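Please examine the model shown here with attention to its contacts. The report that accompanies it is set out below.

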Number of protein chains: 4
Amino acid sequence: MKPEAPGAIAAAVDAGEVFSPVPPGEKYQRILDAAVEVIAEKGYFNAPVSAIAARAGVADGTVYLYFKSKDDVLRTAIDRNFDRFHRQVIERFQEVHDPREQLEYIAQVHLESGSVNRAMAIVMQTEVRQSAQFIAEFSHHHLVKYIQVVREVIRRGQQQGIFRQDISDGVVAHCMFGAIDELLSSAVFTGRSYDAKATAKQVLDVLLNGINRA
Amino acid sequence: MKPEAPGAIAAAVDAGEVFSPVPPGEKYQRILDAAVEVIAEKGYFNAPVSAIAARAGVADGTVYLYFKSKDDVLRTAIDRNFDRFHRQVIERFQEVHDPREQLEYIAQVHLESGSVNRAMAIVMQTEVRQSAQFIAEFSHHHLVKYIQVVREVIRRGQQQGIFRQDISDGVVAHCMFGAIDELLSSAVFTGRSYDAKATAKQVLDVLLNGINRA
Amino acid sequence: MKPEAPGAIAAAVDAGEVFSPVPPGEKYQRILDAAVEVIAEKGYFNAPVSAIAARAGVADGTVYLYFKSKDDVLRTAIDRNFDRFHRQVIERFQEVHDPREQLEYIAQVHLESGSVNRAMAIVMQTEVRQSAQFIAEFSHHHLVKYIQVVREVIRRGQQQGIFRQDISDGVVAHCMFGAIDELLSSAVFTGRSYDAKATAKQVLDVLLNGINRA
Amino acid sequence: MKPEAPGAIAAAVDAGEVFSPVPPGEKYQRILDAAVEVIAEKGYFNAPVSAIAARAGVADGTVYLYFKSKDDVLRTAIDRNFDRFHRQVIERFQEVHDPREQLEYIAQVHLESGSVNRAMAIVMQTEVRQSAQFIAEFSHHHLVKYIQVVREVIRRGQQQGIFRQDISDGVVAHCMFGAIDELLSSAVFTGRSYDAKATAKQVLDVLLNGINRA
DNA sequence: GATGAATGAGCTTTCATTCAT
DNA sequence: AATGAATGAAAGCTCATTCAT
């Protein structure tokens, strides 16, 4: 958020992925998609580069023309997914300003990700949390960004007198992320389908009003 | 059996480890502990059995005297941890009957697990969610058990007229588990320490009353 | 395919290797040859893949580029040897029709195998009979084929009134195979060299006329 | 035959195994039997000492109280089997003097070994021929002894004018051993049962009279 | 004599990565 | 740009043998 001028964000939004510094290229994308699919099916460490290449319809060596390493493929896929999420949320915030509606939108987009691309959702659930070593550090960065957005919304709501002031915005933000992510996780792994919008409403109802009988 | 002094057995009895069907044994436990430590540090797939054995102070082959495979070591460690959690909760429920207090106790024990054994908490955060292949299936069983306990408490609260009846106990249960697990995760990975009891109170406050200004 | 000069292919055609369904390839053959040599020297279970690879002048992993497993290497070598034997016999039968001469030819080719490729002969003597588990089942198939060919010759001889009718073709076939194989075995292990043609004649003389003084 | 005085043989025969330099002992024999069974089932290299010990009902370490090594167990079992065979033949030769009957007796005892102890027969078929390295050298010694006995019978028959003089006693001896061993092998592996005496007669008929129509 | 827990060398196999073509 | 054959390090696991009890 900080390093980029608002104009730059707008431009990127308008242009889609065109100005991304990485070479898009047909095969580039095919490798990314294949990697997510294969890793979702077998897990990162059981997904040989050769299997990813085969799924993408390229030679093993070609993967290394587009990516530095196997790590790099997964990292890039996760990065792009987080970025898309983040961009989508920021975009919407330019139209919707009510903190409650903003939180609901975040919940909705988060929950929708399970049906938009199930393989990616599985990867996000399994591989992002994993291996404190090589993924965690960088994916932590994205998590933090998500949490920060939510915290800012909460704080704005508190300033506007909509939300209680006697609660920690950090705790609430983590609770909200965790609650939604767990619902998503449960749905993705059991293969259940659900209505993202309706589920988002339910979660927000609990978060906003609690479960105590009024 | 031989390596333990009778006193140790008595202590184990007191500690509630008695019904475990597996032979404790000095090395058995050392291998389990070492595995959790090494896997927490490097991740399951980057933790060679040789490293686990070295950490436990035994020969590589000795690991296979106590466990069928590398998988089996991790599985056992996770099983035992889940079981301890579950036992602890069930025990307390015999004294505490108020649904709100029960939920708070679950939250507290869940959050405490991060400080009781940080390595284990990391493993639970990283490896349990992972590799849909070989862990997920069995760890899913434990998750389900956790969720079930919470759902039952919610339902009881609804029957007693304490909780709102217009909400899904499943959604609430997943939200609660997710919220707490995310808080724990965040604290464990950033290395922050926190007061489990106080944090549990905060989470329950949000869950019960929501964040809307009354 | 690439490593072979066209001339080599033509030579292979002449040599009757053409119908083999497996990709010949330079390294493929080198690995097979190396495997037979090393296994002849040390026995299958004392011949590490690394030793075979080293003898073939390739990296350990390369063996698995051409063969599914260590088993597969040995199995393939034995298969090819049996097939060559069988093909050679069948071919000759199109010119030679006298049952006695046919048996003599089989004996001769069988005995020649010891001098053509001593390592292979040793492998056939030691490993084929061995390990009821993984070799026996498949090599039994080849043995049966050999025996069948001999039985058919015997039966034809009986029908033509050349051979006695009061003897079991099965017993005679096994006797003949066993007798020749034992002679070969003895020669191979003691390192004695012999004249295959002359020895074949002697064996057939005994088989046809017996050792009783007329 | 040569190194031992007749008296020594007679004494050994009379005394059974009592003066054998190895400690008989109950467990000693149980280990030998168990080894033969397990090795027959799984092959030498797939038969762990622990499995042999378990089958024998003793601890792993106990095997090493009676034998120097795993090799030694197998070697001893094979030795004893060969010796029993040899002793049985020599004994009978003191009553039966006709070369034809002697050969027939050898064939019969050889063929009977399949039904007397199938596991041992399998071991003799699979492991004796194997691994030029550690078994072959010593088992060669026994083979040679067998062949020598047969050769002497043949030569005696030639001297007595019963057998043809224009054939090599060595070739005939190997042929006879090989023929019988192959019949035995075939029967043992296919699990067929047969009449040893009748089969011995058939083999000798072929060997003595040949298969040519008179 | 008897045990069986412990050892650690050694095995087969996989796979990320390179590089000649 | 693209290939895919080749590499070799590294992993999980087995098991003959030892030795303290």
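**DNA strand F**

The model is predicted. Around DNA strand F there are 29 residues, of which Thr62(A), Tyr66(A), Thr62(C), Tyr66(C) and Val49(D) come nearest. Of the atoms of DNA strand F that come within 4 Å of the protein, 69% belong to sugar and phosphate.

| Residue | Protein atom | Distance to a phosphate oxygen of DNA strand F |
|---|---|---|
| Lys27(A) | side-chain N or O | 3.1 Å |
| Ala59(A) | backbone N or O | 3.2 Å |
| Tyr64(B) | polar side-chain atom | 2.6 Å |

The largest share, 5 residues, comes from helix 4 of chain A. By class, this surface has 16 nonpolar, 8 polar and 5 charged residues.

**Chains A and B**

Chain A contributes 47 residues to the contact and chain B 45 residues. About 4300 Å² is buried between the two chains, with carbon and sulfur atoms giving 57% of that area. On the chain A side, Arg129(A), Arg164(A) and Ile211(A) lose the most area to chain B, together 18% of what that side buries.

Across this interface there are 22 residue pairs in polar contact and 2 salt bridges. One of the salt bridges joins Asp205(A) to Arg164(B), with the closest N and O atoms 2.6 Å apart. Helix 9 of chain A provides the largest share of the side of chain A that touches chain B, 13 residues. That side divides into 20 nonpolar, 19 polar and 8 charged residues.

Key:
Residues numbered from 1 in each chain as written. Chains lettered and ligands numbered in written order. Predicted model: local features only at pLDDT ≥ 70, side-chain atom pairs only at ≥ 80, totals over all residues. Heavy atoms only, no water. Near = heavy atom within 4 Å. Polar contact = N/O pair within 3.5 Å; in protein donor to acceptor, adjacent residues only side chain to side chain. Helix = DSSP H or I, 4+ residues; strand = E, 2+ residues; numbered from the N terminus. Nonpolar A, V, L, I, M, F, W, Y, C, P; charged D, E, K, R; others polar. Contact = heavy atoms within 4.5 Å. Buried area = accessible area lost by both parts, 1.4 Å probe. Salt bridge = Lys/Arg side-chain N within 4 Å of Asp/Glu carboxyl O.
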